[in-house]
Amino acid sequence: MIIFGTRGYLYQLAMLTLVCGHCGNPAAHTLRKRVTKFTLFFVPLFPIAVKYTTQCTFCGMEQKISKEQADGLLAQPQQQEQYGQQGAPQQQAGQNPYQG
């Protein structure tokens, strides 16, 4: 007797602030990766399907996106973070920017 089947896994990759295409509000969106794996005797062996989705936290609308779009969305916060660290002027100790 051979026992086989599938099992789904859901990974939350990021929380992004985007404008929703359904409700038009700038809201937080969860970027999720859904992986379906083939199982043999309840042991997951290899992925069968991988899907990426974003879900608006304001209205709940879920939208399927491609892997390339998901990679692009994941790269955006890292680029902004790097720019914020390198592009901002550094203050020296003892200087107060609010004094004339």
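Visitor: What makes β2 and β3 a pair?

Guide: Strands pair if DSSP finds at least two bridges between them. Here 12 bridges join β2 to β3, running antiparallel, so by that rule they count as a pair. For instance, Thr36 stands opposite Ala49 in β3. By the way, this is a predicted model, where local features need pLDDT of at least 70, side-chain atom pairs count only at pLDDT 80 or more, and totals for chains, interfaces and linings use all residues. Residues are numbered from 1 along each chain as its sequence is written, and side-chain values use heavy atoms, leaving out hydrogens and water.

Visitor: Which residue takes a positive phi in the hairpin of β2 and β3?

Guide: That's Phe41, with a phi near 55°, in a hairpin with two residues between the strands. The hairpin of β1 and β2 has six residues between the strands, and there Gly24 takes a positive phi near 80°.

Visitor: How do the four strands line up in the sheet?

Guide: They form an open sheet in the order β1-β2-β3-β4, with antiparallel pairing. A strand here is a DSSP run (E, at least two residues), numbered from the N terminus.

Visitor: What makes β1 and β4 the edge strands?

Guide: Each of them pairs on one side only. β1 is joined to β2 by 15 bridges, and β4 pairs with β3 over four bridges.

Visitor: Why is Thr54 called buried?

Guide: Buried means under 20% relative accessible area, exposed over 50%, and partly exposed in between (1.4 Å probe, protein chains only). Thr54 has 9%, so it is buried. You'll find Thr54 in strand β3, residues 43-56. Contact means heavy atoms within 4.5 Å, and beyond its neighbours within four places in sequence, Thr54 touches residues including Leu31, Met61 and Leu73.

Visitor: Is Ile2 buried or exposed, and how do you know?

Guide: Its relative accessibility is 60%, so Ile2 counts as exposed. Ile2 sits in the segment before β1. Ile2 also belongs to a nonpolar surface patch with Met1, Ile3, Phe4, Phe41 and Phe42, which together have about 800 Å² of accessible area.

Visitor: And why is Gly60 called partly exposed?

Guide: Gly60 has a relative accessible area of 36%, so it is partly exposed. Look for Gly60 in the loop between β3 and β4. Gly60 and Cys23 are 37 residues apart in sequence, and 9.5 Å apart in space, C-alpha to C-alpha.

Definitions and conventions: Patches are made of residues with over 30% relative accessible area and no salt bridge: like charges are joined within 9 Å, nonpolar side chains (Val, Leu, Ile, Met, Phe, Trp, Tyr) within 5 Å. Accessible areas come from the Shrake-Rupley method with a 1.4 Å probe; for residues, only the protein chains shown count as cover. A salt bridge is a side-chain nitrogen of Lys or Arg within 4 Å of a carboxyl oxygen of Asp or Glu.
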